[in-house]
Amino acid sequence: NSEGKSAIDALLGVLDSTTLLSLSAYLPSLRIVSGNTDRSTPPNNRPEVSQLQLIFLLPRLMSAILSLNRRVVLFLDNFEHVDSSALALLSELLTSVGRLPSGRSNFLFIGCYRDGISEQHPLTVLSAELRRHQDISLTEMSLNKLSIDDVTDIIMTELRLPRRLVLELANIVHKKTSGHALFVVQLLNSL
């Protein structure tokens, strides 16, 4: 279809097919664009992409995608464990996308991390740098832990039972999860 063709043209306009094949090690759907749909191609037969090449190529790839007026959401969880080379890649990506006319309206990055990271942590340093960058809008939100009443309400809603019948379960769930919303949901889903 014409929409698919324009996407391929946009990608091939900024990256050649060999580069796209190399990036397909990280983004397998790029095999279609690069013209190599053979999933049996061993990874060691693909050209390697270095960290510096990724820092250069990923923003170009994102620029091509955003030029098609597509919306992109990038979500990273446990962000406090990201190493400094990945943070350098992310910094370049966010900075490059922020400079694009369509970048600020069509790109959303969400990074989740635990409380208690130090001022010297690379993530804290990156956040401070991004906050100073004029092309990037950075919003930080702090999510509080769920109270015992919150956990009780969730269980009441899900089980459609009155408070008195779920209170003991809610206490156990709250104690085991420390009120962390994700853990509450995971624990309840495992029951």
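Biologist: What pattern does the protein follow, read along the sequence?

Modeller: In this predicted model, the order is α-α-α-α-β-α-α-β-α-α-α-α. That gives ten helices and two strands.

Biologist: What makes a run of residues count as a helix or a strand here?

Modeller: A helix needs at least four residues and a strand at least two.

Biologist: How many of the residues count as buried, and what is exposed overall?

Modeller: Of 191 residues, 32% count as buried. The protein exposes about 12500 Å², and carbon and sulfur atoms supply 55% of that area.

Biologist: What share of the contacts joins residues at least 24 apart?

Modeller: The share is 61%, taken among contacts between residues at least 6 apart in sequence.

Biologist: Why is Thr95 called buried?

Modeller: Buried means under 20% relative accessible area. Thr95 has 9%, so the term applies. Thr95 is found in helix α5.

Biologist: Which residues is Thr95 in contact with, leaving aside its neighbours within four places in sequence?

Modeller: Thr95 is in contact with Leu130, His133 and Ile136. Each of these contacts rests on heavy atoms within 4.5 Å.

Biologist: How do you know that Arg131 and Glu140 meet in a salt bridge?

Modeller: The criterion is a side-chain nitrogen of Lys or Arg within 4 Å of a carboxyl oxygen of Asp or Glu. For Arg131 and Glu140 the N to O distance is 2.1 Å, so the pair qualifies.

Biologist: Why are Arg131 and Glu140 called partly exposed?

Modeller: The class lies between buried, under 20%, and exposed, over 50%. Arg131 has a relative accessible area of 47%, and Glu140 has 44%. Both values fall in between, so both residues are partly exposed.

Biologist: How many salt bridges does the structure hold, and what makes Arg163 and Asp149 one of them?

Modeller: The structure holds three. The closest N and O atoms of Arg163 and Asp149 are 3.9 Å apart; the limit is 4 Å, so the pair counts.

Biologist: What is the N to O distance between Arg163 and Asp153?

Modeller: Those side chains meet in a salt bridge at 2.9 Å. This pair also links helix α9 with helix α8, its residues being ten apart.

Biologist: Which residues are linked in a network of salt bridges, and are Arg163, Asp149 and Asp153 buried or partly exposed?

Modeller: The network links Asp149, Asp153 and Arg163. The relative accessible area is 34% for Arg163 and 45% for Asp149, while Asp153 has 34%. These values lie between 20% and 50%, so the residues are partly exposed.

Biologist: At what angle do helix α4 and helix α5 pack?

Modeller: Helix α4 (residues 51-67) and helix α5 (residues 84-99) pack at about 30 degrees, with their axes 9 Å apart. Their crossing is right-handed. The contact includes Leu54, Ile55, Leu58 and Met62 of α4, and Ala88, Leu89, Glu92 and Leu93 of α5.

Biologist: How do the residues of the contact of α4 with α5 divide?

Modeller: Eleven are nonpolar, three polar and one charged. Glu counts as charged, and Glu92 of α5 is among the contact residues.

Methods: Residues numbered from 1 in each chain as written. Predicted model: local features only at pLDDT ≥ 70, side-chain atom pairs only at ≥ 80, totals over all residues. Heavy atoms only, no water. Buried < 20%, exposed > 50% of the residue type's maximum accessible area, 1.4 Å probe, protein only. Areas by Shrake-Rupley, 256 points an atom, 1.4 Å probe, with all protein chains shown as cover. Axes fitted to C-alpha atoms, helices over the stretch in contact; angles between N-to-C directions. Left-handed = near helix turned anticlockwise from the far one by under 90°.
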